[in-house]
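Here is a brief report on one protein chain.

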Amino acid sequence: MMWKAVCVLFGAPMVLGITELLQNSDFELNEFRPEDGAWYANGCTADWESESYTGNHSVKVTKRGSKWGGMAYDVTLSGSKNYYFKALIKLLNTHPGSLFANVQVMMAVYGSSGSPKYTMLSEVRFMEPLMWQVIGGDFSTPADVKKVHLYVQILDTDVNYLLDTSTLHEIPTIPTNWRSQADLAIEKYRKADLNIRALGSADALKDLTVEVNQEKHEFGFGSAVSAAMIVDSQHKAYQNFFYDNFEWGVIENKLKWKQMEWSEGHVDYDTALNAIDAMLKHGIQIRAHNVFWGVDRNIPKWQQGMTGQTLWKQMERRIQGVIPRTKGKVEHWDVNNENVHGHFYEIGTGDANATMWMFREIHKLDPNVKLFLNDFSVVKDRYSTQAFYDQAMMFKNTPNVPLYGLGIQSHLFPPIDMSVLKYRLDQILATGLPIWITELDISEPVEDRKADLYEDVLRLYFSTPQIHGIMFWGFWDGRHSKPVAALASGQSVTPNAAGRRWQKLFKQDWRTVDQVRPLSTGQATIRGFKGRYSLTLKRHGVTLHNEEVILGTGGTNLTISMAGLGDTLHVSNILVG
C-alpha cells in the first residue's frame, strides 16, 4: 500500500502587468543583508544557490536558530490597500521522523504606535520536502501603516530550504461595473443557441409555433439536506422547499464515516441510502460527502491511536463498504475532506500519499464517479489558498491519481471584499481543474443585506466558467449550522429576503422559460441557459408534439419534419445535430 512520491515542479500563477514591489524578488543578486533593502537573512545563514525555480539562482537557508529564523523583507506600503504576497519554496529536509513540515508566512505590521502587530499570512501545515511549492496570501494594510515585515517561519528549526521567485503586488480593485461584466460572461458561458428548422409545405408550417421551457440546468444548483428530514413525512414543508428550489443535493452528515459507524463494525448505511433514493426519485443529482475526513476531531473515535496495517485495513473496509453501495447513485465524492487541514491517515499509516491511494482505490470500484478535494479557508480566508493550490497541483501532476475537481467550501462572513474574494478564487482557477462551490453560506443577520451579498457572490461564481456548480450548505434556519445564513425561516419554511432573491435568480433570471417562436418561415433560434428543455409544437393552440432536448456547449440544432395537412398534420421525424 505504500507509494513513493514523485518530485513535482508546480507552475505557480504569477501576475502580469502589475507593479512588483519587491527588490531582488528572484534572488538573482547575491545580496542578503538588511542594508541591501531587499530580502535578508534573519537568524539564519543565506547562501546563493544555483538550483532555482526560475532564473539562475535561489537563496539557500540553513542554520536557522529559531522557528522564525529565515528570509525576511521589510517593505513600505500604502495604507488601506489590499496586497498579495507569494513565493516558491523547496524544503530540503524535514525533522527526523516527520513526513511533513509546517510552513508559515508571517508578517509584523508597524503603525503609528511604533509597536509591531504580528499575524499569520498563510500556512501549509503538511508540506512535503524536495518539491517546489507556492506559499503566500493576501493582506490588508491599516491606514496608519509605516512598514510591513514579511518573513518565512517553519516550526521545526532544523528544516533547511530554498526560496525563489517571490512577488508582492497590490490586488486590483474589481471594476465598479463588475456586475454588468459578470452578466456578459453569464450570457457568453452559460447560454447557447437552440436552432430549430422546420421542414414541410407552406400550409403545414402556417401558424405553427414552438414553445420551449427549461426543466433543468446544466450548471449544478443545489443544497445540503438532512438525511432524516428529507424522508420524514413530518417535514413536508422542508422537502417541498428543497425540491422546488434546487436540482442537486448533498447529505450533510450521514455519509461521513464517523456518523455512519459510531462504534466499530456497526455501520448505518440505510439512513444515507434512503435519503439518496428519495432524492433520486425527484430527479435530484447527488454529491456525496465524504469518504474520509482526516481531521483528528472528525475521525471515528474508535480509530484514535490506530496506526500501520491496522489503520490501512480499516481504510480498505471503509472504501469497500460504502463505494459499491453508492455506485450509480452519486455523481461526486469528496474523498478526504479538508485534507489541507488534517493528515490523520497520512501520519497514521506513515505514507505521505495515503490520500492519493484513496483516490485510486475508490476509482477502481466506481470508475464513473467524479472525485474531489474539498477544503475551507480557500476564499473565505487567506490562510489556505496557496496550500490548496499546492495540493491540487501535486495531485494533478502525479500519474494515475484520478482527481476530477476541487471543492471550495465558501462559508462567508461580512464584510465581503469582492476584489479579494475574486483574487483568491483566481489563484485556484490557475490549477485548470473544474471547481464546485460546495458549502456556500453567508452569515449576515440583516435580511436585505444578506440577499444582496448572496446575489453578488452567486453572480461572481456563476459568471466564472471554470465553476460547474454551487451548493448551499443548508437553506432552513430550523436545520442549519449557521441559522443566520438561511434562505428560509420558521416552521412553514418560508423564504426570507435572501430566499426570495435566490428564487428570482434560479427560476427567472438564470432560467429560460416560456419562449415561444413562430415556425412559419421554417426557422427559429432561441438563446437559452444550457440544460434540459421541454419543447412543444403547437398549431392554433393545439399541441402536436412534445420533445425533450438537451442544450449544451456549442448549441443544439434541431430539424423537425412535418407531414400531413389540417387535422392530419403531425411530426414525422425529429433530427438532433
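Accessible areas here come from the Shrake-Rupley method with a 1.4 Å probe. On that basis, the accessible surface of the protein chain comes to about 23,400 Å². Carbon and sulfur atoms hold 49% of that surface. The model is predicted.

**Overall fold**

The protein chain has 12 helices and 29 strands. Its radius of gyration is 27 Å, close to the 25 Å that the globule rule gives for 577 residues, so the chain is as compact as a globular protein of that length. The C-alpha trace spans about 90 × 55 × 45 Å along its principal axes.

Of the 577 residues, 56% count as buried.

How many of the 12 residues of helix 10 are buried? The count is 10, so helix 10 is largely enclosed by the rest of the structure. Among the buried residues are Met 418, Val 420, Leu 421, Leu 425, Ile 428 and Leu 429. Helix 10 covers residues 418-429. At 1.5 Å a residue it should span 16 Å, and its end C-alpha atoms are 16 Å apart, which agrees.

Helix 11 covers residues 447-462, 16 residues in total. From first C-alpha to last it reaches 22 Å, close to the 22 Å expected at 1.5 Å a residue. The buried set includes the run from Leu 453 through Tyr 454, Glu 455, Asp 456 and Val 457 to Leu 458. Arg 459, Leu 460, Tyr 461 and Phe 462 are buried as well.

**Backbone details**

Most residues other than glycine have a negative phi, and most peptide bonds are trans. Some sites in this chain depart from that pattern, as the table shows.

| Site | Feature | Value |
|---|---|---|
| His 289 to Asn 290 | cis peptide bond | omega near 0° |
| Pro 414 to Pro 415 | cis peptide bond | omega about -5° |
| Ser 410 | positive phi | about 75° |
| Asp 514 | positive phi | about 50° |

Asn 290 lies in strand 15, residues 285-292. Pro 415 sits in the loop between strand 19 (411-412) and helix 10. Ser 410 is in the loop between strand 18 (405-408) and strand 19. Asp 514 belongs to the loop between helix 12 (497-509) and strand 24 (515-518).

Are Ser 410 and Asp 514 buried or exposed? Ser 410 has 3% relative accessibility, under the 20% cut-off, so it counts as buried. Asp 514 has a relative accessible area of 54%, over the 50% cut-off, and therefore counts as exposed.

**The segment before strand 1**

Glu 20 lies in the segment before strand 1 (40-42). Its relative accessible area is 31%, so Glu 20 is partly exposed. Leaving out residues up to four places away in sequence, Glu 20 touches Ser 25, Ser 166, Thr 167 and Leu 168. Its C-alpha atom is separated from that of His 540 by 67 Å. Along the chain, Glu 20 and His 540 are 520 residues apart.

Note on methods. Residues numbered from 1 in each chain as written. Predicted model: local features only at pLDDT ≥ 70, side-chain atom pairs only at ≥ 80, totals over all residues. Heavy atoms only, no water. Helix = DSSP H or I, 4+ residues; strand = E, 2+ residues; numbered from the N terminus. Rg over C-alpha atoms; globule rule 2.2 N^0.38 Å. Buried < 20%, exposed > 50% of the residue type's maximum accessible area, 1.4 Å probe, protein only. Expected span 1.5 Å × (residues − 1). Contact = heavy atoms within 4.5 Å.
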